[in-house]
Amino acid sequence: MFKHCALRRDEQGGLAYLHCYTITLKLSLTREPLSMTEQDLLAQPPADYMNETQQGFFRELLLTQRDELQARIAAEFLVLREQETNSDPADVGSAEEQRQWQLRLLEREKKLLDKIDDALELLARGEYGWCRETGDPIGLKRLLLRPTATLSIEAKEREELRERHKRAI
């Protein structure tokens, strides 16, 4: 359920009032709760890293995040489509600013959706959880915090140092 509010003016452009409505999206999420808890996952021995059970845990986690993200994107698109045009220049300016903010948010969410899809593809190929730079394990704690991670903490730090160095030049 998403709540959206907008400032509206009457036909003469005088009286302003706040128009709020709620968008309810029905999701067909038939996913079972995760078969394993985070504590169960972290309690497994290091030798079991990215075994079938752990892969299943992250698959379900990623699919759940993907479904939730798709619902948010659909709701935002619905809000964008239903926005009314205003005759008052001040209202037009603030509505356009809000629209630009919503479009930036949608762009970020679309990028995250692409990362989730990439992570699901890595899972399907059996490459999920391994650093793309070094081939070392990324680590369960890091993957729980950022399930779309493709680099270990050390490799990510090196990448950020290289980026800072390039910007300094």
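I began with burial: 30% of the 169 residues in the protein chain are buried. Buried means under 20% relative accessible area, exposed means over 50%, and partly exposed lies in between (1.4 Å probe, protein chains only).

I noted that this is a predicted model, where local features need pLDDT of at least 70, side-chain atom pairs count only at pLDDT 80 or more, and totals for chains, interfaces and linings use all residues. Residues are numbered from 1 along each chain as its sequence is written, and side-chain values use heavy atoms, with hydrogens and water left out.

**Layout**

I looked up the elements next. The protein chain has five helices and two strands. From the N terminus, the order is β-β-α-α-α-α-α. Helices (H or I, at least four residues) and strands (E, at least two) are DSSP runs, numbered from the N terminus.

**Salt bridges**

I found ten salt bridges in the structure. The term stands for a side-chain nitrogen of Lys or Arg within 4 Å of a carboxyl oxygen of Asp or Glu.

One of them joins the side chains of Arg66 and Asp117, at 2.5 Å from N to O. This pair links distant parts of the chain: Arg66 sits in helix 2 and Asp117 in helix 3 (residues 89-125), 51 residues apart. Arg66 is partly exposed, because its relative accessibility is 23%. Asp117 is partly exposed too, at 26%.

I then checked Glu109 and Arg72. Their closest N and O atoms are 3.2 Å apart, in a salt bridge. Is Glu109 buried or exposed? Glu109 counts as buried, because its relative accessible area is 9%. Arg72 is partly exposed at 33%.

Arg125 pairs with Glu127, with 3.0 Å between the closest N and O atoms. Salt bridges with shared partners join Glu121, Arg125 and Glu127 into one network.

**Thr148**

I looked up a loop residue as well. Thr148 lies between helix 4 (140-145) and helix 5. Thr148 is buried, because its relative accessibility is 13%. Which residues does Thr148 contact, leaving aside neighbours within four places in sequence? They are Leu62, Leu112, Lys115, Ile116 and Ala119. Contact means heavy atoms within 4.5 Å.

**Across the chain**

Ala74 is in helix 2 (residues 52-82). Its relative accessibility of 36% makes it partly exposed. The C-alpha atoms of Ala74 and Leu106 are 9.6 Å apart, though 32 residues separate them along the chain.
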